[in-house]
Amino acid sequence: MKLQRKNRLRALSLGAVAVTGALALTACGSDDTGGTSSGSGDSTASAGSKVDCGDAKGQLLADGSSAQKNAIDAWVKQYQTSCKSVVINYKGSGSGAGITAFTQGQVAFAGSDSPLKPEEVTASKEVCDGGQGIDLPMVGGPIAVGYNVPGVENLVLDAKTLALIFDSKITNWNDKAIAALNPDAKLPDLKIQAFHRSDESGTTDNFTKYLIAAAPDNWKYEGGKAWQAKGGQSAQGSSGVAQGVKETKGAISYMELSYAKDGISTVDVKTEAAEPVKATVENATKAISEAQVVGTGKDLSLKLNYTPKAEGAYPITLVTYEIVCDKGNKAETLPATKSFLTYIASEDGQALLSEAGYAPMPEEIITKVRSTISELS
Amino acid sequence: MDISTKKDTVPPPTPPSSDAAGQAAAPGATRIGDRIFLGLSRGSGIFLLALMAAIAVFLSYRAALAISKDEANFFTTFEWNPTANPPVFGIAVLAFGTIVSSVIAMAIAVPVAVGIALFITHYAPRKLGGLIAYVVDLLAAVPSIVYGLWGALVLVPHLGGLYGWLNDYLGWTGVFEWQGGAPRSMLTVGILLAIMILPIITNVSREVFRQVPRMHEEAALALGATRWEVIRMAVLPFGRSGVISASMLGLGRALGETMAVAMVLSSSFEINLSLLDPGGGTFAQNIASKFSEATEIGRDALIASGLVLFVITLLVNGAARLIIARRKEFSGANA
């Protein structure tokens, strides 16, 4: 009896210590994080490098292109280690959904694989008080053409043969047109299975833009996110077409470079340069540097050059944009938006891209992007 | 006599009173519990009607918006391009693909499901039957995206052999002609859907076969029927309407299956006569794959296609009810 009471007392006191201890610790914890976040903000601002958090805080919602989702994730991870008071939430639900969310005022910025259309700019004027939506090119990337032909390495194709293959006009791998481009390769007698995306996709849009620009006589379709040519096989998503290429002998398809791995070889594209070009991040950046800014005002939408003459410029590239208001951004999210976009356009931010399989923007373009971001209001 | 008439006259006073109580209970429900239950069930019924009406109104409104902008014939166009200027889209391929894939699924699943149900109820030892029933139930618990993954990663790579065999022996029909593409065709989708709808058909059929009156079976056995004859003459006729209802439930799932089809089918806006060549599409698959990148009109166009699926499902269910109503006399409910 006595013993029990003693034990109970002991347990009670232990419990009390635990509770107060926990309270004290959590109190300390919250103090600490508050201190470090403001402290790091100060120190980085004074150092003038890395991330400038400014007075950014709160939650930043964004939505859009799934093609740049991995890049955004990498940026957010870095950014939030410095600016702990900002929570960035990027849903990669697709360019179309992102632009819709933006024009309805649900998100601070949207990601998109293609620049705003005129009617979307009109719609954006309703949410941008006194301004309009603008495109900021931020992420580039090569669209690789992956293939699965046993015994054939370093396959070279040009725009014309690609167009004919994807339009089901060239149906066998031992076709003369392919043989002419690959005099040394042993091309098998194998049916070509051209895979395309079954979902609507910015990758399809950009790939067909290339075919339209570089092989206008052989690719007569209008273009757009939905695949238009008849015939061939299709699969859902970049991972779906990559899977299709991997498992099907004779398959060929287009996909973002990061999907073309584990047994998928990529086509070297014959351009107007002397040597066929490999699909790499560096070669994509070289091609994007020939792009022209065609946006008016602060809009920086690009017109890519799909027939580059420079050596080592990979022509099938994709540029994804961040879409924000040039004026009239919401007051509560403007500091965070500006701070995050400044970071991703900075040298550190762009350097992170090639690690994630994307191509950084060329110097000339990113400089314009930086100055445009600094003027956002 | 007198006494007997007296005895006869004594009871009458009680029946009227009980009758009156019965009459009062039937329509009005005198007890509080009855009244609450009546209110709840009536409310649920009306809620369901309102819900279906709301869905129908929403679909029709958005569909009307899209179809008014469609430059092509909505029912006969083999194209889906609502972002084009002017927008062009039609459901011909989707309707064809939805119906064909569901029919294949039914053709495979119904005989297998009835077979499993008969085996469980009439052939298998009790323990084995219970185990099989349990495993079939588990099939229903697998999410459809897992079926999609399994279909794309396991089923598709292994179907080449079957396709080659079909092409060799039945290729001359045209329906089983194979050009050697990846086996991501309507037949593959049908096989996958058949597996997915198996549990629902099996379960309902099993319960129906269990309900067959013991007397029927014993009477048939007494007449010298073999076990197969018992099943043919007593069990199957009794269970027919139940099996049809079960199949319709399964068909409902097959018509509306989304992710598994989207992951397995090599879809395109073409109709292939051959079931083995890639191409075609289904309503649900098309909505799932096109929705995320669709513009506003694109979304309305997808909703319009959803309305067509809604109507097809209504028609199928109506037809099933007609068939079941016609076979009521065989159902054994009055036996």
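Let me start with one pair: Glu247(A) and Arg184(B) meet through their side chains in a salt bridge, 3.2 Å from N to O. Keep in mind that this is a predicted model. How many salt bridges are there between chain A and chain B? The count is 1.

Polar contacts next. Across this interface, 8 residue pairs are in polar contact, with both residues at pLDDT 80 or more. Which elements of chain A give two or more residues to the side touching chain B? They are α3 (95-103), β6 (193-197), β7 (233-235) and α8 (237-247). α3(A) gives the most, with 4 residues. By class, that side of chain A has 18 polar, 7 charged and 3 nonpolar residues.

Now the whole interface. On chain A, 28 residues are in contact with 30 residues of chain B. The two chains bury about 2200 Å² between them. Carbon and sulfur atoms carry 40% of that.

On to the cores. The largest nonpolar core has 94 residues. Trp75(A), Met138(A), Phe166(A) and Ile252(A) have the most contacts inside it. Strand β4 of chain A, residues 133-148, supplies the largest share of this core: 8 residues.

Take Met138(A). What does Met138(A) touch, leaving aside neighbours within four places in sequence? Its contacts include Trp75(A), Leu341(A), Ile344(A), Leu353(A) and Met361(A). Thr320(A), Glu322(A) and Gln350(A) are also among them.

Last, chain B. A second, separate core has 59 residues. Ile116(B), Ile120(B), Leu251(B) and Ala254(B) are among its residues.

Note on methods
Residues numbered from 1 in each chain as written. Chains lettered and ligands numbered in written order. Predicted model: local features only at pLDDT ≥ 70, side-chain atom pairs only at ≥ 80, totals over all residues. Heavy atoms only, no water. Contact = heavy atoms within 4.5 Å. Buried area = accessible area lost by both parts, 1.4 Å probe. Salt bridge = Lys/Arg side-chain N within 4 Å of Asp/Glu carboxyl O. Polar contact = N/O pair within 3.5 Å; in protein donor to acceptor, adjacent residues only side chain to side chain. Nonpolar A, V, L, I, M, F, W, Y, C, P; charged D, E, K, R; others polar. Core = buried A, V, L, I, M, F, W, Y, C linked by side-chain atoms within 4.5 Å. Buried < 20%, exposed > 50% of the residue type's maximum accessible area, 1.4 Å probe, protein only.
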